[in-house]
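Here are my notes on the model you sent over. Please read them with the sequence and the structure open beside you.

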Amino acid sequence: MTHEVDGLDEVLSRAAGDEALDPTLQPVFDTLQRLRTTPERDPHQVAAGRQAFLDRAAVLPVPQPSFLRHKSGTHDGRKELRPMSALAGLLVALALLFGGGGATALAAQDAMPTDWLYPVKLATENVQLTLAGGPAETMELLGNWIDRRLWEMEQLTLAGEVVPLEPARRLQSQLGLAMQTASQFGDPALAQVMQRLQVQLETRLQTMQRLRQADPHGAALQSAEQALIQTQAEIQGALQDPAAFRTRFGAGRPSDAPRQPSVAPGQPEAGPAVSPSMAGPGDEQGQDAPAGSGPGDGSCQRFTQVPDGTDCPTCTPNLWLTPGPHGNGQGAGGH
Amino acid sequence: MSDPDRWLPGVRRLDPESLGAVYDALSPALFRYAFRLLGDVRIAEDVVAETFARLLMAIRNGGGPQVYLGAYLYRIAHNLAMDHHRQLASLPLEDADLAAAPAVQDEDEHDRRVARQALWRLTPDQRQVIVLKFYQGLSNEEVAAALAKPVGAVKSLQHRALDALRRVLTGPEVGWSVSHDS
């Protein structure tokens, strides 16, 4: 341990003993000392803050006691199971025994990306999307889930855990689907939705950048940050040129435009058309990506469909890790 | 393990007595921590409130601190302080105010502002080391827990932080920072 390495200790100990400091450290010490004094807190505010904290805690469900935890994992180096996993596991086991899929889904709602019920949570989101009443409701759901993904990643980072790729993948696909859904709006509604999303993403990007500082090499966080930045660029594009944005995302006409016949006069019906209002989650193969928010290289093909899902070797890292169904991206499962 | 960490089991059970004790023990230190970085009483109180709220959210979701409660809270507070700092820095009006600051502030306030600016010139980890150790009196082990880094890395961060401060305060940028005596 060198003198330099313990420089701060030297500053502290010499200051405490009223000894002279290294001349080069003196200005540092003097400057830092200026922040030593802090104002008194308002006792009423302190009391109110304390009460608010306790009130908030009082309405939270009491976490499960430790005997419900799977403790063996801590001895052999594997990750300790979260209490939620243990509780959720119990609920799932009961649900399977008694055929209660709803209980499983309910149990999964608080699952974190490291929990084994997390895929169930994502699957319930898919179902909710298919039940959404239209683009506006879809956008609202997506807005909430984008926040949910970021919150999950934040919590894991704050807990010092490695963030798995799954929430970042889902974030990317949900951002892509949000763009596709937004492209169905007419100009005034599109501008309104994009501006709202822009504000939301700006704040979330700040959060993500902070998390990246805590975990600069985390692949999931890096991927999520890039997706947020890309989406901001897409939003900017949508605000500047809505028509080009719609073309880019496959919705040629706003959903509130007058209806057009699906076939030319005199032509036979060609089969079921894919309606923009069918924007929904993955395909029948169980993919959780939104239809059409296909895989491929992020910077080259942003939000566009790449037929085979392979990465372009000349491009920046893949931002669309989740292989989605290949199609025009507007229907449940595309085509 | 410092005193507040002893309440961790109770805090994880959301036991009101433990939660109250931790609030009483740590909220003053968290307030001072946030105030030193941000220089605004109201925002510092907001940071304290949000820090404790996030602790509850984390525990509710099965996460939160496992060993070092204090370190965990400082980490949250630092992240929140950084968010606030970025927000303030992004306001053009604030920039204008800062530029005009020496002319409108009293000398002590100007000195504090200079010191705060010097801290914000550090990297986040360096800043945390300086604030947690110099002001809050945390040990190297506690700082290491707050930063989620080994103790050796904390010592090396200390060294780099002091070097950076020395450069900022005595280097070519000295006119920007501390020469208020003239």
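1. Because 17 of its 24 residues are buried, H7(A) is largely enclosed by the rest of the structure.

2. The average pLDDT of chain A is 66, and 54% of its residues score at least 70. Residues 1-6 of chain A have a pLDDT below 50, and this stretch makes nine contacts in the model beyond near neighbours in sequence. Over residues 260-335 of chain A the pLDDT also stays under 50. Where pLDDT is low, the predicted coordinates should not be read in detail.

3. On the fold: chain A contains 11 helices and zero strands. Of its 335 residues, 43% count as buried. Among the contacts in chain A with a separation of 6 or more, 64% are between residues 24 or more positions apart. The accessible surface of chain A is about 16,700 Å², and carbon and sulfur atoms account for 57% of that.

4. Turning to the interface, 51 residues of chain A are in contact with 62 residues of chain B. About 5,300 Å² is buried between the two chains, with 62% of this area coming from carbon and sulfur atoms. The rule finds three salt bridges across the interface of chain B and chain A. In a salt bridge between Asp24(B) and Arg50(A), the side chains meet at 2.7 Å, N to O.

5. One residue of chain A deserves a separate look. Gln206(A) lies in helix H9 of chain A, which covers residues 187-214. Is Gln206(A) buried or exposed? Its relative accessible area is 17%, so Gln206(A) is buried, the cut-off being under 20%. Apart from neighbours within four places in sequence, Gln206(A) is in contact with Asp83(B), Arg86(B) and Gln87(B).

Key
Residues numbered from 1 in each chain as written. Chains lettered and ligands numbered in written order. Predicted model: local features only at pLDDT ≥ 70, side-chain atom pairs only at ≥ 80, totals over all residues. Heavy atoms only, no water. pLDDT = per-residue confidence, 0-100. Contact = heavy atoms within 4.5 Å. Helix = DSSP H or I, 4+ residues; strand = E, 2+ residues; numbered from the N terminus. Buried < 20%, exposed > 50% of the residue type's maximum accessible area, 1.4 Å probe, protein only. Areas by Shrake-Rupley, 256 points an atom, 1.4 Å probe, with all protein chains shown as cover. Buried area = accessible area lost by both parts, 1.4 Å probe. Salt bridge = Lys/Arg side-chain N within 4 Å of Asp/Glu carboxyl O.
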